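User: Could you zoom in on one packed spot in this fold and tell me what surrounds it? After that, I'd like to know how the rest of the chain looks around it.

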Amino acid sequence: MASSDTSPSGYIQHHLTNLVYGKMPDGAWKIAVNAEEAAQMGFWKFHIDTLGWSIALGFLFILTFGFAARRAKYYVNQPPRGFLAVVEMVVEFIELQVRDTFNHKSKLVGPIAITVFVWIFLMNAMDLIPVDWLPMLFASFGVEYMKVVPSTDPNITLGASLSVFLLVLFYSIKQKGIGGFVGELTLHPFQASGFLKILLIPFNLFLELISLMSKPVSLGLRLFGNMYAGEMIFILISIVPFFVQPALWLPWAFLHILVITLQAFIFTVLTLVYLNMAFDHH
């Protein structure tokens, strides 16, 4: 740890602080050297570590799965081996979820689901790297702060859920038209006829907007909360005496493999559910 505060609270705070680039009150753009400077930058600032790791893992997904797709043609008449077998297993698993959850036809929903699952899984999997390894490596190059688990940053999880939300809006309007989409928001859940139908429109709109807006919020906060809690436990384990750490780290790491996979799976399934609802006609 590169921080001058070596107390347990200082250690924890250091590991939970992002590498931030933003605009100071005097108008200068710079990388914050401490949490106080980061707070002075206000809302419009960039978490360099979160953006960097998430983009790098996204490219890792594209390169590895692209390589697998190119190599797959050599295994047409024989079962794939090694990494190709893993990729095929992931693709078949997601295809099964798409068939079971999504009841419409779309060439994009399957690739969207695979991208969501693998990308979130890779970001979550960074949690399994010992908490001091990468921060100490970057500290040797003069980088004070380095959070390496993108999904412990609400900017990433809420950004991903907002992307899903925009897809839901896009497909809702594309499939039903503006009138059909507005009708869903204003004529449900309470239904009536005549003048009473008009009177219920404000109540229906209020309830449906709450339901609609709660989807991206709950989707992003669920992922953030679970991953943040898992990262916090790893940080707390690293505070205990060194000879005790393996007995605590290994069991939690094995359990956390299930957690990171489950969180990626839940995010993917809920994405499919929301897209299926966007395609449905009421």
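Analyst: Let's start with Leu272, which is in contact (heavy atoms within 4.5 Å) with Gln97, Val98, Thr101, Phe102, Val109 and Ala113, once its neighbours within four places in sequence are left aside. Keep in mind that this is a predicted model, where local features need pLDDT of at least 70, side-chain atom pairs count only at pLDDT 80 or more, and totals for chains, interfaces and linings use all residues. Residues are numbered from 1 along each chain as its sequence is written, and side-chain values use heavy atoms, with hydrogens and water left out.

Leu272 belongs to helix H10; helices here are DSSP runs of H or I with at least four residues, strands are E runs of at least two, and both are numbered from the N terminus. Its relative accessible area is 1%, so Leu272 counts as buried. The cut-offs are under 20% for buried, over 50% for exposed and partly exposed in between, with a 1.4 Å probe and protein chains only. One of its contacts, Val109, is 163 residues away in sequence, yet the two C-alpha atoms are 7.7 Å apart.

Now look from the other side of that contact list. Thr101 sits in helix H4, which covers residues 83-101. With a relative accessibility of 16%, Thr101 is buried too. Skipping residues up to four places away in sequence, Thr101 touches Val269, Leu272, Val273 and Asn276.

What about Leu255? Leu255 is also in H10, a helix running over residues 245-279. Here the relative accessible area is 43%, so Leu255 is partly exposed, whereas Leu272 is buried at 1%. Going from Leu255 to Lys174 takes you 81 residues along the chain and 42 Å from C-alpha to C-alpha.

Stepping back, the protein chain has 10 helices and 3 strands. Read from the N terminus, the order is α-β-β-α-β-α-α-α-α-α-α-α-α. Along the principal axes, the C-alpha atoms fill a box of roughly 70 × 60 × 35 Å. Of the 282 residues, 39% are buried.

The accessible surface, from the Shrake-Rupley method with a 1.4 Å probe and, for residues, only the protein chains shown as cover, comes to about 16000 Å², and carbon and sulfur atoms own 72% of that. A nonpolar patch of about 970 Å² is built from Tyr21, Trp29, Ile31, Phe46, Ile48, Leu51, Ile55, Phe59, Ile62 and Leu63. Strand S2 (29-31) and helix H3 (48-71) each give two or more residues to that patch, with H3 giving the most, 6 residues. For the record, patches take residues with over 30% relative accessible area and no salt bridge, joining like charges within 9 Å and nonpolar side chains (Val, Leu, Ile, Met, Phe, Trp, Tyr) within 5 Å. Leu63 is one of the H3 residues, and its relative accessible area of 59% makes Leu63 exposed.

The charges come next. The chain carries 16 positive and 17 negative side chains, and the centres of the two sets are 14 Å apart. Positive means Lys and Arg, negative means Asp and Glu, with His and the chain ends not counted; each charge is placed at NZ of Lys, CZ of Arg, CG of Asp or CD of Glu. Side chains of opposite charge can pair when their charged atoms come close. Requiring a side-chain nitrogen of Lys or Arg within 4 Å of a carboxyl oxygen of Asp or Glu, you get 2 salt bridges.

One joins Lys30 and Glu37, at 3.1 Å from N to O. Lys30 is partly exposed at 29% relative accessibility, while Glu37 is buried at 15%. The other pairs Lys176 with Glu184, whose closest N and O atoms are 2.9 Å apart. In that pair, Lys176 is buried at 15%, and Glu184 is buried as well, at 14%.

Last stop, Ile201 lies in helix H9, which covers residues 201-237. A relative accessibility of 28% makes Ile201 partly exposed. Ile201 and His188 are 13 residues apart in sequence, with 8.3 Å between their C-alpha atoms.
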